[in-house]
Amino acid sequence: MASSVTAPPDKASRHSNKSIYMVLGCTVFAATAQVLLKFGATHQMPQLSPADSSTWMPFLVALLGNYQLLLGYTAHSCNALLLILALKDGQLSMLYPIIALTYVWVNLLSMYFFHEHMNAWKAGGIALVIAGVSVMGWASSRA
Amino acid sequence: MTTTPLSSILLVLFASLIGSFGAVFLKMGAAHLNRGFRYILNWQLGLGVALFLGSSVPFLIALRHGELSVLYPMVSLSYMFALFWSRIFFKEPITKAKLGALAMILAGIICIGAGGRQP
């Protein structure tokens, strides 16, 4: 029993910590995707009438030219792939709540890109989410 | 206080329930990757992604009548649902640390939502 106190972290616990860093990466991808999609949504697009085939090409060309939209969906795909790889080894009950960190990044990015204002509620909320994610990370390192 | 109707709140609860099941199927499907990356195309992952995308439908319907600052934080209730499904489907323990961390995250998201109402 006494030897377990000084035992180095086993393979399983290193795995779950690696998964946590992967989900942290997911939240960065997800927040980037949201900002890109917001930019992409304001992009001027030609009218598409599904019944009128002459409107298809201009719409497709405009869609391919809307690089913010495409990058946004690419970031979302990276987010999904990374989440799946993280879930392969980690505990769902620990990894899933960490996605909440996306709210934090979106709020900070929105201040920079969309000039949204910070206030005491947002700042307190951001601090609480970061603290909660830290507790989750600490719990996983000793799981 | 709030002008968000009960129907919108129930719709978002439904959306977060769907989302939490999406996470369960992603976890089930991810287990196939242990046999090799080419097993990434499996029905559990397909269903997981579909449930994730599908959960945005009731959320968007709810948003037509409700306030974003009230409804957006409620999506995080799916983390709570996921805690129970993890216990049932994957035998993951519910520990004090997990509950404490989850409570802090939920409280934080509610505060961020409240901050969104400020001018």
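Colleague: Which residues in α6(A) meet α7(A)?
Modeller: On the α6(A) side they are A:Leu101, A:Tyr103, A:Val104 and A:Asn107. They meet A:Lys122, A:Ile126, A:Val129, A:Ile130 and A:Val133 in α7(A). Contact here is C-beta atoms, placed from the backbone, within 7 Å. This is a predicted model, where local features need pLDDT of at least 70 and side-chain atom pairs count only at pLDDT 80 or more, while totals for chains, interfaces and linings use all residues. Residues are numbered from 1 along each chain as its sequence is written, with chains lettered from A and ligands numbered from 1 in the order written.

Colleague: What classes of residue are in that contact?
Modeller: The contact of α6(A) with α7(A) has 7 nonpolar, 1 polar and 1 charged residues. Nonpolar is Ala, Val, Leu, Ile, Met, Phe, Trp, Tyr, Cys and Pro, charged is Asp, Glu, Lys and Arg, and the others, Gly among them, are polar.

Colleague: At what angle do α6 and α7 of chain A cross?
Modeller: Roughly 145°, with the axes coming within 9 Å. Axes are lines fitted to C-alpha atoms over the stretch in contact, and angles run from 0 to 180 degrees between N-to-C directions.

Colleague: How many helices and strands are in chain A?
Modeller: Chain A has 7 helices and 0 strands. Both are DSSP runs, numbered from the N terminus: H or I of at least four residues for helices, E of at least two for strands. Of its 143 residues, 33% count as buried, meaning 20 or more other C-beta atoms within 10 Å of the residue's own.

Colleague: Switching to the core. Which residues touch the most other members?
Modeller: In the largest nonpolar core, of 60 residues, they are A:Val23, A:Leu95, A:Ile98, A:Ala100, A:Val129 and B:Ile105. Such a core is a set of buried Ala, Val, Leu, Ile, Met, Phe, Trp, Tyr and Cys residues joined through C-beta atoms within 7 Å. Helix α1 of chain B, residues 6-30, gives the largest share of this core, 10 residues.

Colleague: What does A:Val23 touch?
Modeller: Leaving out residues up to four places away in sequence, A:Val23 touches A:Leu83, A:Ala86, A:Leu95, A:Ile98 and A:Ile99.

Colleague: And how many residues does each chain put into the contact between chain A and chain B?
Modeller: Chain B gives 32 and chain A gives 28. On the side of chain B that touches chain A, the largest share, 14 residues, comes from α6(B). That side divides into 21 nonpolar, 8 polar and 3 charged residues.

Colleague: Which residues are buried in α3 of chain B?
Modeller: B:Pro58, B:Phe59 and B:Ala62, in a helix spanning residues 56-63. They lie on the same side of α3(B) because they cover an arc of only 105° around the axis, the arc being that of the directions from the helix axis to the C-beta atoms. Their cover includes α1 and α4 of chain B.

Terms used
Buried ≥ 20, exposed ≤ 12 C-beta atoms within 10 Å, placed from the backbone. Contact = placed C-beta atoms within 7 Å.
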